[in-house]
Amino acid sequence: AQSRGTARSALEMLLRLGSMLARRGLHAASARFAAAPALRLGRSRALSTAPVDDEMEDDIDVDGVAYGFMASQALFAGLELGIFDAIAAAGGSVDLPSLQRSSGVTAPRLQTLLTALVASKALRRSRDGAYDLSPNAARFLVSSSRHFYGDYLKLQIGRQFYHRMGALTDVMKTGEAPSYASWFSDPEVAATYTRAQHNGSVATAKALLKRMAGSVSLDGASKMLDVGGGSGAFSYVFTGKHPQLSSQILELPEVCATGNTIRAEQPADVQQRVSFSELDATSPDWPVPDGEYDLVLMSYISGSVPEPVVGALYANAYKALKPGGRLLVHDFMVDDSLDGPLGGAIWALQHVTVNADGLGLAPREVVSRMLAAGFASGKAETHEMISGLTKLVIGHKN
């Protein structure tokens with residue numbers, strides 16, 4: 001279970017698009033009420049719940065939150081139809097007939113979608129009706145860009161998590177939801193998720209190496225255990241940086257299958273030092289020897305298993321580590337004050353739809369379970385990783 005290194009940008013873009021499109025749409029729809037003082041808020045503005053006064057800045061923008069899903073789907077549809085790639089391939093200034101041909105959609109609904117993308121600032125429209133990409137759309141939503149993460153948005157967020165969030169109310173009421181293990185038992189689901197994650201996970205892995213540089217030295221490390229390692233992105237980056245290091249990835253069977261195809265795309269020396277072993281991480285027994293590993297990594301796994309399993313994961317990690325070894329827990333987390341940030345909070349909520357008995361993570365929740373598993377008291381470290389989204393907690397084995 002991994003996350004896009006650009007998850008922060010993705011989340012901020014979706015929230016920004018949702019809020020902007022919702023407010024614009026509501027203002028237009030409510031223009032006919034402009035003459036009715038009883039339906040106006042603040043300084044004589046049309047009906048809207050977006051904060052405008054200083055005293056409202058710490059209040060909810062009800063419209064932006066409630067209607068944000070419409071902007072998200074506009075973005076996903078643009079990716080699915082190849083709108084951004086088509087404009088980029090033409091060098092910009094593309095007219096409607098050209099986009100109709102490239103997308104295969106000739107009905108008026110394509111114009112409606114393009115207008116929504118312009119309103120949300122993903123596209124720009126000239127006076128003569130030609131479409132261009134915004135700077136962020138060109139950077140992040142065009143498949144030829146090295147910063148592209150549209151596959152993550154389209155395949156994982158749009159096709160998978162978006163629909164799971166529609167079940168949130170039922171899951172909250174009943175406590176019934178599929179587990180990641182059951183979800184990934186479908187080879188197509190597992191392959192889509194793993195492939196969508198990979199490129200961004202590489203970026204996150206590189207950032208993680210930099211962040212832990214002052215706390216954990218891998219210069220003398222020889223063996224790493226990557227629990228729930230998905231495509232193997234973290235293992236490829238870590239072993240690529242440290243040629244003396246080998247890594248064993250523990251993952252669900254269908255994820256291992258996709259992971260091995262991605263492993264075959266890596267440099268030969270990295271392929272030789274990275275291996276996959278099939279395991280449901282919730283299993284009480286791991287197919288690894290005790291006291292063999294310098295480093296155990298758990299990225300996006302603690303929030304993806306039932307709460308009672310979290311402590312067992314850390315206990316297994318403790319057994320697998322050599323004396324002096326380190327456990328790295330990287331995940332979506334909120335602050336210990338439990339009031340945000342928003343990104344970490346809503347990602348934890350998304351996990352509920354596939355992990356109904358999971359734990360909303362905060363550093364102290366992770367540290368307390370590390371200590372219960374035997375890790376050294378007073379040595380746990382917490383670092384910000386992707387600002388507003390994820391944190392890194394390091395546990396030390398004496």
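Biologist: What does the chain average in pLDDT, and what share of the residues score at least 70?

Modeller: The chain averages a pLDDT of 86, and 86% of the residues score at least 70; pLDDT is the predictor's confidence in each residue, from 0 to 100. This is a predicted model, so local features need pLDDT of at least 70 and side-chain atom pairs count only at pLDDT 80 or more, while totals for chains, interfaces and linings use all residues. Residues are numbered from 1 along each chain as its sequence is written, and side-chain values use heavy atoms, with hydrogens and water left out.

Biologist: Where is the pLDDT below 50?

Modeller: Residues 1-8 are below 50, and beyond near neighbours in sequence this stretch has 45 contacts in the model, a contact being heavy atoms within 4.5 Å. Residues 20-46 are also below 50, with 33 such contacts.

Biologist: How many helices and strands are there?

Modeller: The chain has 16 helices and nine strands. These are DSSP runs numbered from the N terminus: helices are H or I with at least four residues, strands are E with at least two.

Biologist: And what share of the residues is buried?

Modeller: Of the 398 residues, 50% count as buried. Buried means under 20% relative accessible area, exposed means over 50%, and partly exposed lies in between, with a 1.4 Å probe and protein chains only.

Biologist: Which residues have the most contacts inside the largest nonpolar core?

Modeller: They are F84, I87, L123, L141, L153, W183 and F184, in a core of 42 residues. A nonpolar core is a set of buried Ala, Val, Leu, Ile, Met, Phe, Trp, Tyr and Cys residues joined through side-chain atoms within 4.5 Å. Among the elements that each supply at least two residues of this core are α2 (62-80), α5 (109-119), β2 (131-133) and α7 (150-165). The largest share, five residues, comes from α5.

Biologist: What does L123 touch beyond its neighbours within four places in sequence?

Modeller: L123 is in contact with I83, F84, I87, L114, L117, V118, Y131, D132, L133 and S134. There is also a second, separate core of 30 residues, which includes L250, Y314, A320 and L361.

Biologist: Changing topic: how many aromatic pairs are there?

Modeller: The structure holds six. Rings of Phe, Tyr and Trp (its six-membered ring) pair if their centres lie within 6.5 Å; planes under 30 degrees apart count as stacked, over 60 as edge-to-face and the rest as tilted. F76 and Y162 form an edge-to-face pair, 5.9 Å centre to centre with 90° between the planes. This pair links distant parts of the chain, with F76 in helix α2 and Y162 in helix α7, 86 residues apart.

Biologist: Why is the pair of F140 and Y149 classed as tilted?

Modeller: The pair is tilted because the planes of the rings are at 50°, and the ring centres are 5.3 Å apart. F140 is buried at 7% relative accessibility, and Y149 is buried at 0%.

Biologist: Which residues do ring pairs link into a cluster?

Modeller: The cluster consists of F161, Y300, F332 and W347.

Biologist: Let us turn to β3. How many of its residues are buried?

Modeller: Four of the five residues of strand β3 (residues 223-227) are buried. Five bridges join β3 to β4, and the two run parallel; two strands pair if DSSP finds at least two bridges between them. V227 has L250 in β4 as its bridge partner.

Biologist: And which residues of α12 are buried?

Modeller: In helix α12 (residues 253-263), they are V255, C256, T258, G259 and I262. Their cover includes α10, α11 (233-241), β4 (246-251) and β5 (274-278).

Biologist: Where is H198, and what does it contact?

Modeller: H198 is in helix α10 and is buried, with a relative accessible area of 10%. Leaving aside neighbours within four places in sequence, H198 is in contact with S231, A233, Y236, I262 and Q266.
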